[in-house]
Number of protein chains: 4
Amino acid sequence: MIITMKLGATEADIRYVLKRAQSLGLKPHLSEQGGQKVIGLLGDLHGLDSDSLRALRGVDKVQRSTRPFRLASRDFRSEGSVIQVRGCPVGGNLLAVMAGPCSVETRDQLLTTALAVRDAGGRMLRGGAFKPRSSPYSWQGLAEEGLRILADAREATGLAIVTEVMSPEQVPLVSRYADVLQIGARNMQNYALLNAVGETRMPVLLKRSMMSTVEELLLCAEYILSNGNPNVILCERGIRTFETYTRNTLDINAVPLLKELTHLPVVVDPSHATGKSSLVRAVSRAAIAAGADGLLIEVHPDPENAWSDGFQSITPREFGQLMEEIRVIGTAVGRTV
Amino acid sequence: MIITMKLGATEADIRYVLKRAQSLGLKPHLSEQGGQKVIGLLGDLHGLDSDSLRALRGVDKVQRSTRPFRLASRDFRSEGSVIQVRGCPVGGNLLAVMAGPCSVETRDQLLTTALAVRDAGGRMLRGGAFKPRSSPYSWQGLAEEGLRILADAREATGLAIVTEVMSPEQVPLVSRYADVLQIGARNMQNYALLNAVGETRMPVLLKRSMMSTVEELLLCAEYILSNGNPNVILCERGIRTFETYTRNTLDINAVPLLKELTHLPVVVDPSHATGKSSLVRAVSRAAIAAGADGLLIEVHPDPENAWSDGFQSITPREFGQLMEEIRVIGTAVGRTV
Amino acid sequence: MIITMKLGATEADIRYVLKRAQSLGLKPHLSEQGGQKVIGLLGDLHGLDSDSLRALRGVDKVQRSTRPFRLASRDFRSEGSVIQVRGCPVGGNLLAVMAGPCSVETRDQLLTTALAVRDAGGRMLRGGAFKPRSSPYSWQGLAEEGLRILADAREATGLAIVTEVMSPEQVPLVSRYADVLQIGARNMQNYALLNAVGETRMPVLLKRSMMSTVEELLLCAEYILSNGNPNVILCERGIRTFETYTRNTLDINAVPLLKELTHLPVVVDPSHATGKSSLVRAVSRAAIAAGADGLLIEVHPDPENAWSDGFQSITPREFGQLMEEIRVIGTAVGRTV
Amino acid sequence: MIITMKLGATEADIRYVLKRAQSLGLKPHLSEQGGQKVIGLLGDLHGLDSDSLRALRGVDKVQRSTRPFRLASRDFRSEGSVIQVRGCPVGGNLLAVMAGPCSVETRDQLLTTALAVRDAGGRMLRGGAFKPRSSPYSWQGLAEEGLRILADAREATGLAIVTEVMSPEQVPLVSRYADVLQIGARNMQNYALLNAVGETRMPVLLKRSMMSTVEELLLCAEYILSNGNPNVILCERGIRTFETYTRNTLDINAVPLLKELTHLPVVVDPSHATGKSSLVRAVSRAAIAAGADGLLIEVHPDPENAWSDGFQSITPREFGQLMEEIRVIGTAVGRTV
């Protein structure tokens, strides 16, 4: 950590910072750069809150040179983690494709989709029973009835179930039905919820908030890991930018970057990342080419009549084409579907 | 609502959209612009999910011309709402200044701050007992012990208490001690929590998420209002941009804009909006000059030793100066402290 | 175009807007939605400045339903344009790879790089002679001497030359040496420069500004096209977001989106889009998989000693590996190198 | 400057970085933090391009602790600069209000506006003769005829003239008529233009680009200053964010921040920063309350018929009210109009 003092910092200010650093068990090293005093700090900096040093009188800025996450770090575990989801490994050579409707609407709708997903080579079925909606006047999902339908579709197809959990008290209920607990983008920093899923040993699909940095995503993964649950799958689903033609901007850089920074598997959600069904196939190919471990895709048998997100859902036929393309791109980068 | 069809849309596509619109009880009006078919929709559009129309074949885009929030709208209630907090009106002529430490640390720290806040003219005491922190390794607050200390400080000073509630199950506990339930920026779209505070009749301070639009903020207020709780105070606390010298970018435009769009009171948090104690006074003056109904300010008797956010906290002495300046600016815009 | 009137708009306001629309040769159609008056406008809207209508009294907002660019539009020309650069077609089946150093430094440096680029299968040599730099204290390029070295490298290798032109008065000089005139991201909206290159018939590589939308990029292409120069190649090079681990955020969505909106070829610059040499290969694969027509890549024989951008430059050896990977991915999407 | 090495950096990598630093005349200091090697660099770092060090093998990141601008810095000149514009000081106790139409349209329009601006207490007249427009099909200004009309209005009212210059070759022409050369936001990083105005001694109004940081703005000011022209006035005019209700987001934090970082005067343009005439007055008050040295405001005698930007222009009557309010707020912060 490096502390740069203001030009006008007094001797007393500097002495106080040095003393404070020592009281934290750190070894400070004072130097000067272009007239400004700079203090380097050595020692065990994990657990140290750099904010407390930023508040000292005469301090201009504090720069951390090491990373604030630990268990999620590639330094902590150099080999990629492989998360087992009902016998389907996520993070290894196999590409994990999770697909299904935005929301569970009816038994028929879900089963039709599930069969199409399975037949095209998907491994997991996604579908929302509890739906976070921007407007209180939008439909909020089938709740437990939706979970039951999901479990029936698993029974019928063998697909593992990925579904969202929205609050700590829903965790036991959703865990009874789901194979993967999804934390939605809006809840990425809902720490009570992260702690609750961290106390289970269920696989967790943690979606990056549209307003969060890669580092913040990894700190949220750290919440789950530090509660003892190692089964975290990260999901890049587009960030918010000034561009308005698309719903979000897929941060494709984040895929190889996360692969450098963490051992956790990374999947991409091209449906939310684009918000336009016509872009989903191209962006799915890009994600796999960039090294993603899988995809999370909205598929609906009749997007025009979907109860939510129809505009970004693709049909089972388009999903079949997408899987064909993914197979070819996957082979090109040494992966199988 | 206006639907623009793609250039290549077929007659059948157009007929289908018209039919769908009619089935929703709307009166569609078809026209042509520069070769593209455009469909205007008349009728009661509230409650209508424009997303479902975006998914129809041949549709290029759907533009809503009316606003999606209703109870929060200035059209719904043209006069400004005044929220009563322990006898202190928020939203009227009086400027409501809420100040105090980021976190409740000790009884002494809080009481010292509370007395300074009261003596300088503050009306409410802020202080966190439950702290949302980016890192699981950071200190997470005193919990119920912190709430007790807050209640004692109210007893001693008469100041109303503003404190954060982080999950639905904490609502009853925090309501026992607090006068205002604060929803933090990271939880703005935690709908389970919004519903829970909506079921109380407690004043709620709803902080805008750092990457949410003004419209999304108002839709979250709508969650609370539509549950029957009319006591919502909005808080602009800075949004996330590409600028890195400051922690966030205060969206000062949002102050007069919210005053146009909604009848709810608007306060500004210059501490989080800047992340630098040296900027807090200037930005507080700007907020009041722009028409804000109050301020939420981090004050600490010893920022250098604060357990959190010291770098953006001002001292009681600086807070006194700030109040003097606010008094003068307030007078200039017809408000009193 | 749709004009939504404010709730409080008077009859006179509405009559005035209708009259104004008619005076512009448009056919207005008045209707009502949820209490608000809405005016649809039919007729030839190209060339019409919607801003002038936004200023009328009582107007709440003006929404354009058609696109403001014309010559660049896929509607204007449904088949993809193929731009010929010294016999190398850009925009067809062949992938156009442009590679070379950020700056021309020495004859040796450039020739070494050019030979490596050619041997690995690159078609064009990039290299800056005039360098736009954030700081006036940074090195600004070799100027005309750099152009001469580029021309010599073309002589030696047969590669076409892509190099930046920074002001209108440089256009004749740079045109004497270059095969493609590059407009840098910071100059995307330098209209004097766009007009100047529009008056030539040289191929132009137009880089998207890091702060511009896809629509603004296409309007800048329109400046060049409307001056009579049809030879425009678009380049996505990353946009500015809140993420700080990477220099920019590659907007991969923009690749298929531009393919929908325009007939112009689209190449991607993964070097600037990531700012980290370790991410360049993965992101290059993604760009080709998403449908890009080519790449613009910084290659340097000795990145550690590059005079600029070394941190995002790859070595000739890494470039060779990248070309191998691009060949395989290209085949997977039906393209050849 | 601090260089953090990657965990896997070899002894040879580290030795090479140390050697390189020494060859640049710097004194490196090697230490270790949590297993990572960290190198602090002491010496004269101005002029040093940190990029070159980022490219060395084994380097993880390079952090600069000092600022890259020098002549613009408050450290270079601790007292605020006062720029003289035809006898009107900008940057001192007096608030400098520059107002007028977006574009010069006709002699009548400009003279009417100029008289209103003068009578209300404005000091300078703004008006565009050369207009940068997003679309090539929009009207581009009256050119030299507009400059002549501006000069006539100065003659008639005594107001100083602020007008935009768009390319280096226009500098002599515009300088013959204008008192202040305005660099528009889109041209902030047009370095050829910055150099050209830097070679004059004319006052320059440098507008911050809508997606540039405060540091980049100051580096562009540095371009002008380092060419020998000390007469630079900075202008904050809103940045681009995800919020769409307003045209831009005024970065009010930047006002006191710039006052800390630089000695140059800072004015605010609330017209572009909001893009809505109804918000201009509130935001103007905020700017002055935050410490701005002046305002740049679009005023038009008939906004409904303005040829450009009517939606964000206020009328002479509203401008009169604004000046009244600014006078009161100015007094509250110790400034006069």
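Two residues are in contact if their C-beta atoms, placed from the backbone, lie within 7 Å. The views below show a predicted model.

**View 1. The interface between chain A and chain B.** Of the interface residues of chain A, 100% are also interface residues in chain B, so the copies meet through the same surface. Chain A puts 40 residues into the contact, and chain B puts in 41 residues. On the side of chain A that touches chain B, at least two residues each come from α2 (51-54), α6 (191-198) and α7 (214-226) of chain A. α7(A) gives the most to this side, with 5 residues. By class, the side of chain A that touches chain B holds 17 nonpolar, 12 polar and 11 charged residues.

**View 2**

**View 3. The barrel of chain B.** In chain B, 8 strands close into a barrel, running in the order β7-β8-β9-β10-β11-β12-β13-β14. The pairing is parallel. On average, neighbouring strands of this sheet are turned by 25° against each other, direction ignored.

**View 4. Strands β12 and β13 of chain B with helix α8.** β12 (residues 232-236) and β13 (residues 266-268) of chain B pair in the parallel sense over 3 bridges. Cys235(B) has Val267(B) in β13(B) as its bridge partner. Helix α8 (residues 254-261) of chain B packs on the sheet and touches β12 and β13 of chain B. The direction of α8 of chain B makes about 170° with that of β13(B).

Terms used: Residues are numbered from 1 along each chain as its sequence is written. Chains are lettered from A and ligands numbered from 1 in the order in which they are written. This is a predicted model: local features need pLDDT of at least 70, side-chain atom pairs count only at pLDDT 80 or more; totals for chains, interfaces and linings use all residues. Helices (H or I, at least four residues) and strands (E, at least two) are DSSP runs, numbered from the N terminus. Ala, Val, Leu, Ile, Met, Phe, Trp, Tyr, Cys and Pro count as nonpolar, Asp, Glu, Lys and Arg as charged, and the others, Gly among them, as polar. Two strands pair if DSSP finds at least two bridges between them. Axes are lines fitted to C-alpha atoms, for helices over the stretch in contact, and angles run from 0 to 180 degrees between N-to-C directions.
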